[in-house]
Amino acid sequence: MKDKKINSTFIWIFLFLLLTFNVSSNEINFEAENIETSGENFISASKNIVITDEYGNKIYGDKLSIDNKKKIYIITDNVRVENITNKIIINANKIRYNQKNSIINTIGKTDLNKDNNYFIESSDIFFNQEKGNIYSDHKSIITDLFNNLIEIKNFDMSLKKNLLFGNNAVLKD
């Protein structure tokens, strides 16, 4: 009977440890020349901001504000997102990174480069890293290496399927 209790306890400890180690931490790291804290939950940084995360992103910018309680990162001025995994480069003046839902969204004019083959000019783009898609509800212009130009009302790009969906597309050659 004693052996059964020990075995049962061992199994429960093993399962607990196994489940604990499989939890995704969604860790984000950042570097900057100047870092200041304001209370327990707010951090601001400036000069040579570099943010890295588990999705293969490197985010560069001039200014950073972090709300640790909400897990929101606001990066401004000369913002560049490089995603090596999906071969994407996003340039914008401001982005908001929601760590809780793993969504990066640009605010305002945005240029996106996919695989050095497709170039998208748009605004307010959302990059949902968990679902693997990039989308915008704003008018966008897509060009390729052959200088084909497509104007679309909005788009949704699936990175997993390598497909782009859009509405009211007009091809200009």
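Lys63 and Asp77 form a salt bridge in which the closest N and O atoms are 3.6 Å apart, a salt bridge being a side-chain nitrogen of Lys or Arg within 4 Å of a carboxyl oxygen of Asp or Glu. The structure is a predicted model, in which local features need pLDDT of at least 70, side-chain atom pairs count only at pLDDT 80 or more, and totals for chains, interfaces and linings use all residues. Residues are numbered from 1 along each chain as its sequence is written, and side-chain values use heavy atoms, with hydrogens and water left out.

The Lys63–Asp77 pair links distant parts of the chain, with Lys63 in strand β4 (residues 57-67) and Asp77 in strand β5, 14 residues apart. Strands are DSSP runs of E with at least two residues, numbered from the N terminus. Lys63 is partly exposed at a relative accessible area of 45%, and Asp77 is partly exposed at 23%; buried denotes under 20% relative accessible area, exposed over 50%, and partly exposed the range in between (1.4 Å probe, protein chains only). The count of salt bridges comes to five. Another of them joins Glu82 to Arg80, with the closest N and O atoms 2.7 Å apart. Glu82 is partly exposed at 24% relative accessibility, as is Arg80 at 30%.

A further salt bridge is formed by Glu151 and Lys172, whose closest N and O atoms are 3.4 Å apart. Because Glu151 lies in strand β13 and Lys172 in strand β16, this pair ties together parts that are 21 residues apart in sequence. Lys172 is partly exposed, with a relative accessible area of 41%. Strands β13 and β16 (residues 170-172) run antiparallel and are joined by three bridges, where two strands pair if DSSP finds at least two bridges between them. Ile150 stands opposite Leu171 in β16. Strand β13 also runs antiparallel to β12, to which four bridges join it; Glu151 of β13 is the bridge partner of Ile141. The hairpin of β12 and β13 has four residues between the strands, and Asn147 in this hairpin takes a positive phi near 65°.

The largest pocket contains about 280 Å³ of space. On a 1 Å grid over the protein atoms alone, a pocket is an open set of points where a 1.4 Å probe fits, with protein on both sides within 12 Å along at least five of seven lines, and lining residues have an atom within 4 Å of a point. Of the 15 lining residues, Tyr118, Ile142, Ile150, Met157 and Leu164 are the closest to the pocket centre. Strands β9 (118-123), β12 (140-144), β13 (149-152) and β15 (163-167) each supply at least two lining residues, and β12 gives the most, with three. The lining has nine nonpolar, three polar and three charged residues.

Two aromatic pairs were found in a search of the whole structure. Rings of Phe, Tyr and Trp (its six-membered ring) pair if their centres lie within 6.5 Å, and planes under 30 degrees apart count as stacked, over 60 as edge-to-face and the rest as tilted. The ring centres of Tyr73 and Tyr97 are 6.2 Å apart with planes at 50°, so this pair is tilted. Tyr73 lies in β5 (residues 72-83) and Tyr97 in β6 (residues 88-98), so the pair ties together parts 24 residues apart in sequence. Tyr73 is buried at 6% relative accessibility, and Tyr97 is buried at 1%. Phe126 and Tyr135 form a stacked pair, at 5.3 Å centre to centre and 10° between the planes. Phe126 is partly exposed at 29% relative accessibility, and Tyr135 is partly exposed at 24%.

Key. Grid points are joined across faces, edges and corners, and a volume is the space filled by probe spheres set on the points. Ala, Val, Leu, Ile, Met, Phe, Trp, Tyr, Cys and Pro count as nonpolar, Asp, Glu, Lys and Arg as charged, and the others, Gly among them, as polar.
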